[in-house]
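Subject: Structure handover

Hello,

Here is the structure we talked about. Please have it open while you read the notes below.

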Amino acid sequence: MTDLEKFEGFMKNYQDMVYGTAVRLLGNPTDAQDIAQSVFLKAFESFQALAESPTAGGWLKKVTTNLCLNQLNRYRYRWRFFSEMRADDNSPEFVDNVAAPEQELDLDEAERHQLLEKCLQRLPHAQRVPLVLYHFEDLPYEEIAKRLGASLSKVKTDIHRGRQSLKRFLQHRREDALGTEARPR
Amino acid sequence: MPWAPKPGHVDDCPRVQSRFRVNNPDPDPNLEAWASAELKKLPPVPAPATLLPRVLQRLEARARRYWWLRVWWDWPLAAKVASLMLSIALAGSLGGGGLLVDERVAAYAGDITERFTPLAGLWDIATALGRAAVQVWAAVAQPVILTGLALGTVLYLLCVGLGTAVVRSIWKRI
């Protein structure tokens, strides 16, 4: 078996994890695919060490996160400036225009997952990135603040707003779905 | 029973409540648990079918490249050793050549100096004028220009600061 064939098997095992991490952090499938490609090209350079390593998954996840944050940092000053200018409301058009949750959310599980992924992608960078780092990468608030170069209170506020947006968005979509079903044909 | 402000109490004011929410961003402890439970349940996002062939194609193209088009680390060992020796030889010859060039340049400079000796008087005048200009600069122009520059910088920063403050306060009001 050649190195390339072995690498193909290795990639099949990890491609969903790498792509998933990238798409959740970047919120853009095209950029995520570019990042995933760069990660695997880097992995191939160290494939001798990674092939049998039990920590290969962790290594890939770390490289993916770093590359995504580097990519976002290229636009960091621009989005941080606007995010702080609108510190009281990071995304009025998205967060505040949707209804507040009043009832339990009783969507079908697959539909709920799909909606959550969609909502994650639609969150503004300033909310999505710390939210993903906290809930998917299990980083503590302090580490997130350090890596994003933001204050601890801003990170906490952004994560909180992100959670609120997710909940409101799900509720909003549920109401939409109910409204569509109830509409006479 | 949790504390709740009485009607008309200052804490019942929407502005005060809004400020409380800003300073205490997580008043709903269930929200974190809810988000954590929901997000942990999400299945992995499947990678697009194009990712694997795309990466393999890049790797194959990289492997097909001539060795001298790859990064130096990937060159064959013999080529690496040869290139290193060649680089050392090149650097050595450039150094030795530099010494030869230095001698020729020095001789040529001597010739030029002799040819232009009659112009030495003009050079002396130019030097004297230059020194006078430096003294005038040090005595008069330097403090004026430096003060002007400092004042300009302070005013510029003041304008930027005021502008930012005004834009941010207006944005918050909108």
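This is a predicted model: local features need pLDDT of at least 70, side-chain atom pairs count only at pLDDT 80 or more; totals for chains, interfaces and linings use all residues.

**H1(A) against H3(B)**

H1(A) and H3(B) pack at an angle of about 135 degrees. Their axes are 10 Å apart. The crossing of H1(A) past H3(B) is right-handed. On the H1(A) side, the contact uses A:Leu4, A:Glu8, A:Met11, A:Lys12, A:Gln15 and A:Tyr19. H3(B) answers with B:Leu51, B:Leu52, B:Val55, B:Leu56 and B:Leu59. By class, that contact has eight nonpolar residues, one polar and two charged.

As a reminder, an α-helix has 3.6 residues a turn, so residues three or four places apart point the same way.

**H2(A) against H3(B)**

H3(B), residues 51-64, also packs with H2(A). Here the angle is about 45 degrees, and the axes are 10 Å apart. H2(A) and H3(B) are therefore oblique to each other. H2(A) passes H3(B) in a right-handed crossing. From H2(A) come A:Gln33, A:Ala36, A:Gln37, A:Phe40, A:Leu41 and A:Phe44. They meet B:Leu51, B:Arg54, B:Val55, B:Arg58 and B:Leu59 in H3(B). The class count for H2(A) with H3(B) is seven nonpolar, two polar and two charged.

**The interface as a whole**

How many residues of chain A are in contact with chain B? There are 31, and they touch 26 residues of chain B. Four helices of chain A each supply at least two residues of that side: H1 (3-26), H2 (29-45), H7 (109-122) and H10 (152-182). H1(A) gives the largest share, 10 residues. The chain A side divides into 13 nonpolar, nine polar and nine charged residues.

**Chain B**

Chain B has five helices and zero strands. Along the sequence, its pattern reads α-α-α-α-α. Of its 174 residues, 3% are buried.

**H2(A) against H4(A)**

Within chain A, H2(A) packs with H4(A), residues 56-73. The angle is about 130 degrees, with the axes 10 Å apart. H2(A) and H4(A) are therefore oblique to each other. The crossing is right-handed. H2(A) brings A:Asp31, A:Ile35, A:Ser38, A:Val39, A:Lys42 and A:Ala43. H4(A) brings A:Leu60, A:Val63, A:Thr64, A:Leu67, A:Cys68 and A:Gln71. By class, the contact of H2(A) with H4(A) has seven nonpolar, three polar and two charged residues.

**The core**

The largest nonpolar core has 40 residues. Which of them touch the most other members? They are A:Tyr19, A:Ala22, A:Ile35, A:Ala36 and A:Val39. H1(A) supplies the largest share of this core, eight residues. Leaving out residues up to four places away in sequence, A:Val39 touches A:Val18, A:Leu60, A:Val63, A:Thr64 and A:Leu67. A:Tyr19 is also part of the contact of H1(A) with H3(B). A:Ala36 is part of the contact of H2(A) with H3(B).

**H8(A) and what follows**

H8(A), residues 125-135, is mostly covered: 11 of its 11 residues are buried. Among them are the charged A:Arg128 and the nonpolar A:Val129, A:Leu131 and A:Val132. A:His125 and A:His135 are on the buried list too.

A:Arg161 is found in helix H10 of chain A. Is A:Arg161 buried or exposed? It counts as buried, because it has 22 C-beta neighbours inside 10 Å and the cut-off is 20 or more. A:Arg161 and A:Arg128 are 33 residues apart in sequence. In space they are 9.5 Å apart, C-alpha to C-alpha.

A:Asp138 is in the loop between H8 and H9 (141-148) of chain A. Its phi is near 55 degrees, a positive value in a residue other than glycine. A:Asp138 is exposed, with 9 other C-beta atoms within 10 Å.

Best wishes

Key
Residues are numbered from 1 along each chain as its sequence is written. Chains are lettered from A and ligands numbered from 1 in the order in which they are written. Two residues are in contact if their C-beta atoms, placed from the backbone, lie within 7 Å. Axes are lines fitted to C-alpha atoms, for helices over the stretch in contact, and angles run from 0 to 180 degrees between N-to-C directions. Angles under 35 degrees count as roughly parallel, over 145 as roughly antiparallel, 65 to 115 as roughly perpendicular and the rest as oblique. A crossing is left-handed if the near helix is turned anticlockwise from the far one by less than a right angle, and right-handed if clockwise. A residue is buried if 20 or more other C-beta atoms lie within 10 Å of its own, exposed if 12 or fewer, and partly exposed in between; C-beta atoms are placed from the backbone. A nonpolar core is a set of buried Ala, Val, Leu, Ile, Met, Phe, Trp, Tyr and Cys residues joined through C-beta atoms within 7 Å.
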